[in-house]
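Dear colleague,

Here is the structure for your files. My notes on it follow below.

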Amino acid sequence: MNRTQPTAASDSTHVLLIDGPDAMREIRLGELRDGGLASCRAETSPEKIAALQHTDAAVAILDLSASAPGKPAQSDDARRIRAVLTARPETAVVVLMPDDSARRAVAAMRAGAFDVLTAPVADSLLVEAIEAACAAATRRTRATTPLNRPEPTRPVLVRESQLMRQVCDRIDLAAQTDAPVLITGESGTGKELCAQTIHALGPRASGPFVVLDCASIQAERFESELFGHFRGAFSGAVTDRPGLATLADGGTLFLDEICELPAAAQPKLLRFLQSLQVQPVGSIDSHPVDLRVIAASTIPPLEAVADGRLRDELFYRLQVVSIRMPSLRERPEDIVPLATELLRRAARLENRAFRSIAPRAATVLQAQPWPGNVRQLTSVMRAITVLHDGPELKPEMLPDDMHNLVTGNNFKDPSKALAGMTLAEIERRVIKATLERHHGSVPKAARELSVAPSTLYRKIDSWTPED
């Protein structure tokens with residue numbers, strides 16, 4: 001190794017090397033120690049690592065690179081990985097695989113491996129993988145200490161209002177099929193939660209729920225993200241990587257903000273939805289996957305189709321079942337019950353005693369316009385539990401700006417402030433206020449207003465300098 005100084009992470013990095021021929025194991029231990037990872041030791045096989053639970057090993061390297069091609073079987077690889085994780089769940093497992101092991105690499109990742117490297121692997125690359133695994137193991141350990149361990153998440157879909165009861169009935173029906181679902185609604189209304197609920201209530205509940213953020217992906221990275229790639233397929237592809245479609249096999253693939261997917265990537269997604277065949281970048285072979293597709297969009301899909309941002313064939317493929325998540329303004333009966341549930345959840349996270357909301361505080365909450373919907377309400381409840389303690393949420397605990405719409409128990413009419421304005425002026429003020437909240441970001445403002453960014457650009461361009 002060229003590296004002679006320990007890295008920043010090496011002081012607390014404890015590495016356990018498992019399997020591999022005796023000679024190779026000793027050579028590898030020497031290389032790791034030369035690289036600054038001084039706290040290393042080896043065991044002969046996963047079956048003999050019961051003592052791992054009594055160590056502070058952050059990373060385990062499972063060396064399968066010396067096995068014959070195709071052996072041991074993928075199920076045996078998974079058994080070995082799970083043996084390590086059973087002995088010490090907080091340990092991050094880095095697997096070394098033979099050169100022709102793409103399928104095995106996928107199986108290893110799904111069995112819980114943090115990373116899979118193809119042997120022979122460069123010393124520097126192995127140390128980088130160990131450092132990344134150590135950082136992940138440290139974050140995971142901190143997140144699961146008794147003081148901070150969150151409760152297992154479960155869907156929170158309050159259905160006091162008739163409108164939300166209808167939505168939940170539709171969710172229940174959609175969950176019993178494998179048909180594609182397209183979820184729409186304003187930003188923060190709970191579209192991903194809706195998708196998770198459909199997944200959790202359906203026959204694929206025991207399978208993975210994998211998210212592809214279409215708004216953040218670049219067209220040139222789309223195939224690699226969705227289908228995976230082989231080492232050397234392109235510059236920077238230093239290891240084999242399974243794609244999200246493969247990781248979602250047996251479960252659900254959630255396409256978030258589908259209308260934001262780059263135009264160049266949409267035909268590739270459409271072909272995949274038609275065939276459910278995955279061909280990793282750099283491979284000439286493909287393999288089938290068995291998954292369900294759920295998509296969501298803040299932008300109205302029909303408007304995106306009309307603007308040319310979303311291919312109509314893709315829209316029709318995805319909108320077999322459609323669900324619209326209503327805004328909080330449309331279901332005011334749900335605001336206080338939902339706030340109460342969110343308050344209790346936040347209280348458990350922060351070790352607070354909150355259990356209920358005082359009537360006057362409930363009046364204030366119901367008077368709010370909630371432009372950020374459930375996401376905004378969640379943030380407010382979390383902030384209250386950080387700054388105050390219960391058992392009851394009182395009006396004075398709410399943010400000061402929330403009291404502007406309420407005096408005592410009497411609602412002020414917000415429309416009086418708009419009296420005398422033209423519709424164009426009201427629209428202009430709303431757009432400007434939304435842009436200011438998002439620091440001038442037109443895409444984010446458009447998402448909150450449930451319009452296409454191109455629509456906002458046209459409206460802004462139409463304003464006169466006096467506006």
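Over which residues does pLDDT stay under 50, with 11 contacts beyond four places in sequence in the model? These are residues 407-414; pLDDT is the predictor's confidence in each residue, from 0 to 100, and contact means heavy atoms within 4.5 Å. Residues 1-13 also stay under 50, and there the model has 23 contacts beyond four places in sequence.

This is a predicted model, in which local features need pLDDT of at least 70 and side-chain atom pairs count only at pLDDT 80 or more, while totals for chains, interfaces and linings use all residues. Residues are numbered from 1 along each chain as its sequence is written, and side-chain values use heavy atoms, with hydrogens and water left out.

The mean pLDDT of the chain is 77, with 73% of residues at 70 or more. Of the 467 residues, 46% count as buried (under 20% relative accessible area, 1.4 Å probe, protein chains only). The chain has 17 helices and 18 strands (DSSP runs: H or I of at least four residues, E of at least two, numbered from the N terminus).

The largest nonpolar core has 33 residues; such a core is a set of buried Ala, Val, Leu, Ile, Met, Phe, Trp, Tyr and Cys residues joined through side-chain atoms within 4.5 Å. Elements giving two or more residues to this core include strand S10 (252-256) and helix H9 (266-275). H9 gives the most, with four residues. Leu255 is among the residues with the most contacts inside the core. Beyond four places in sequence, Leu255 touches Leu212, Leu269 and Leu318, among others. A second, separate core has 26 residues, including Leu338 and Met397.

Regards

Methods. Buried means under 20% relative accessible area, exposed over 50%, partly exposed in between (1.4 Å probe, protein chains only).
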